[in-house]
Amino acid sequence: MLNVTHLKISSTLALGLTLGIPAIAANNNTNQTHDDVMTVTAHETTKKPGTNKEISEQDIRRNGGTNFGTIMRYQPLISASGNISGSGSGKSSWDRGGFTGYNIRGLDANRVSIDIDGMPLPIAQGRVNSVGRAGFGSYGIGRDYIDTYMYNKVDIQSGATSVSNPNNALGGSVSFQTKTASYYLYPGKTSYFGFQNNYDSTDKSYHQGLTIAGGDDRLNGILVLSRRDGKQTRNHGDSINSYPENWHSNSILSGFGWQITEEHLLNTTVDYNSKTKNSHYDTWDKYGKKIESFDHQKSKNNRFNLAIKELWKPTNISWIDSLTTQLNYQHTHVYDNTDLQHTTRGKFNTQTHYNTKAYNFITTLLKNYENQKISAGLNANWSRDESPFYTSAKSQYGRIFPDGDYTKPQADSRSYQLGGFLEDRISFTVNNSNNFYLIPGARAIYQNTKPRNLQNMTVTNINANQLGKQYNRNSDFKVLPSIAFMYDINPDLITYLQYKRGAQMPNQNQLYGSYLAHSQMYVLVGDSNLKTETSDNFELGLKGQPTSGVTLSTAAFYNKYKNFIAYSRYKKNFVGVGNRIVYQSENRDKAYIYGAELSSEFNIGTWIESANGLSARLAIGYNQGKSKSSYLGDKYIEMDSIAPLKSTIGLAWDNPNQDYGLALIATFQKGKKAENTARETYNNDGKPIKAATDDYFRVAGHGIVDLTGYVNITKNVKLSGGIYNLTDQKYWDYLSNNKLYKTSNYKYLEMFTAPGRTFQLGMDIDF
């Protein structure tokens with residue numbers, strides 16, 4: 001049932017923040033005459049329920065968004081978590097560092113969809129087959145296949161995805177939109193040239209970017225090139241520096257738009273991203289007390305994507321206003337080659353791969369009919385992945401595991417998904433204006449996944465036929481309804497209440513991963529009988545312009561989840577190894593998350609003429625969430641993926657002629673210590689679960705200040721930059737470090753500190 005207490009808490013916070021600040025602004029504005037007020041009416045197409053954010057190309061530049069993580073630096077309940085190569089609780093020596101994925105409202109990794117032009121990126125890969133239960137919830141390969149220079153904007157949905165989003169996920173979605181020529185060209189401007197050159201001291205990286213576009217409204221094209229070279233990301237440790245590495249990335253994008261007829265517009269894009277890295281690092285034990293190996297890794301990943309998109313606006317078909325059809329092909333390859341010098345096992349080499357190939361189809365129909373806006377669509381995705389694995393390590397337990405201590409992290413697999421949706425926005429007249437809306441919708445999804453090439457996973461004691469009994473086909477069908485009520489408080493301000501049903505179908509890592517984590521004590525294994533994770537999502541929100549000069553978006557939410565997938569411990573016979581302790585993926589947990597967030601901007605010049613160009617912004621995000629397993633005697637415990645309270649306050653001055661500008665932004669985050677559980681060590685023997693004994697490191701709260709600015713030297717040349725963490729604050733990022741142990745060596749803990757004072761400096765040339 002819906003927890004009314006939690007909903008009241010989050011609603012009170014959201015509405016208090018929402019109504020208090022605009023009220024002050026409104027009072028300050030009461031003395032203005034009507035002649036001084038300019039009203040901007042929102043377009044009908046932009047009025048939709050839910051928390052949706054857009055990060056533009058200008059936002060990325062202004063806020064120093066040079067990578068996968070920093071583009072989210074000022075978002076209240078959205079962030080990117082990451083790992084350090086080889087080091088950290090639950091990571092093996094050959095796991096790479098980098099960003100795992102995005103965290104939105106307390107859900108992260110593969111529970112958040114990430115796509116480029118509608119094509120989903122590969123999942124993050126867990127590597128518990130090499131580190132046992134210590135690796136539960138950790139990832140060896142993340143989802144960073146992007147270069148921020150290649151995109152015009154980033155669209156973000158918070159909470160369960162809308163029915164119209166083909167890439168459904170429980171936590172939300174992040175969609176990168178590649179650059180197009182039409183973004184830079186308009187009537188009277190038939191060519192564009194842009195060059196960007198900047199330096200970031202955080203990782204001593206240099207960037208050169210080139211954008212060339214040309215054409216008209218009938219035929220146009222674009223070419224984008226980007227090169228980045230850098231070193232290790234700095235930490236702020238007093239006794240140990242970040243481990244050395246150097247990296248290089250290249251990205252290229254080419255596309256064209258062709259208005260074939262008055263009815264048909266065709267857009268085609270080809271883009272390629274490649275990154276290589278060389279790194280040296282130490283791998284510490286689970287508790288961060290001693291070094292276990294000294295390692296050198298060469299890694300690379302690349303992504304190729306082809307997208308073809310057609311927009312059809314028929315003039316002689318009454319039941320279609322527009323029909324958009326899109327086809328994508330994507331190929332990715334990840335390769336890590338690691339030489340290890342283990343303190344007890346000597347030298348050996350490990351090579352890991354993760355390769356995917358995918359095809360994607362999306363079609364969406366729109367029709368406006370009297371007081372209704374109807375949208376419907378179909379989508380299909382077919383993907384294939386493989387995880388080749390090699391190690392020269394000799395077995396420590398040759399009698400039990402004659403083939404070595406490690407096997408492939410997961411079976412090769414094939415998966416396809418079919419989906420469709422229907423949504424209607426019905427407007428009703430209230431007081432002679434269309435300002436009340438009823439928005440029902442539903443999405444239907446079918447997914448089918450099966451293992452491939454099981455002979456590649458066989459070992460001396462287990463053959464492909466035996467594996468086929470453990471790993472087999474998994475499929476499911478779900479219907480996900482949604483309904484929303486929306487009301488126009490004024491032409492520029494809406495309030496809404498919505499419900500969405502969410503679903504996250506099991507991925508191949510959960511179904512077929514961790515075949516054997518070799519040890520004398522236990523094995524780890526996926527489960528091809530997993531059920532789909534589901535959620536019920538409630539949200540109350542307000543967004544728009546409550547008064548002239550004020551823009552805000554605020555929401556209170558409560559989400560309830562079932563069938564969360566985790567690992568359970570059993571003592572049972574397992575094929576090929578006899579009666580052993582087996583950790584197996586299972587629909588083990590249920591959970592809930594509630595909270596509130598607010599983002600607002602204030603144009604102070606609207607009320608004070610002499611302050612024209614001065615603006616302020618405030619963002620704050622709060623969420624709480626707990627989960628409970630099905631084990632006897634377990635209780636709800638705080639989820640470690642829930643970020644602590646975060647707020648951002650900014651003050652900016654832009655010269656009215658836009659010749660120069662400065663911004664001072666302060667970010668504050670509350671401290672938090674993750675709560676440990678005994679769920680990973682529970683014997684599952686019918687006795688009540690005991691309290692956990694391990695104690696995590698408390699990540700202290702922090703406040704950092706950034707100063708950014710720009711100056712237009714000429715009409716076409718701009719210098720911009722920023723000083724980040726101006727006061728040189730020493731701090732840790734909670735979501736990246738919530739599994740560090742309190743008892744760890746302090747030198748080890750310092751290795752995970754965020755960068756101290758850093759700066760960026762760049763030049764943009766636009767013609």
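1. The model is predicted, so local features need pLDDT of at least 70 and side-chain atom pairs count only at pLDDT 80 or more, while totals for chains, interfaces and linings use all residues. Residues are numbered from 1 along each chain as its sequence is written, and side-chain values use heavy atoms, with hydrogens and water left out.

2. The largest nonpolar core has 34 residues, and those with the most contacts inside it are Met-72, Tyr-102, Val-154, Val-174 and Phe-176. Such a core is a set of buried Ala, Val, Leu, Ile, Met, Phe, Trp, Tyr and Cys residues joined through side-chain atoms within 4.5 Å. Among the elements that give two or more residues to this core are β3 (98-104), β7 (172-178) and α4 (181-184), and β6 gives the most, with three residues. Helices (H or I, at least four residues) and strands (E, at least two) are DSSP runs, numbered from the N terminus.

3. The count comes to 28 salt bridges, where a salt bridge is a side-chain nitrogen of Lys or Arg within 4 Å of a carboxyl oxygen of Asp or Glu. One of them joins the side chains of Lys-47 and Asp-488 (3.2 Å, N to O). This pair links distant parts of the chain, with Lys-47 in the loop between α1 (4-28) and β1 (52-56) and Asp-488 in strand β20 (residues 474-490), 441 residues apart. Both Lys-47 and Asp-488 are buried, where buried means under 20% relative accessible area, exposed over 50%, and partly exposed in between (1.4 Å probe, protein chains only).

4. Glu-680 and Arg-588 also meet in a salt bridge through their side chains (3.5 Å, N to O). Because Glu-680 lies in the loop between β29 (660-669) and β30 (702-712) and Arg-588 in strand β25 (residues 578-603), the pair ties together parts that are 92 residues apart in sequence. Glu-680 counts as partly exposed at 25% relative accessibility, whereas Arg-588, at 5%, counts as buried.

5. A network of salt bridges links Glu-57, Arg-61, Lys-179, Asp-764 and Asp-766.

6. Lys-531 lies in the loop between β22 (522-525) and β23 (533-547), and Lys-531 is exposed, with a relative accessible area of 53%.
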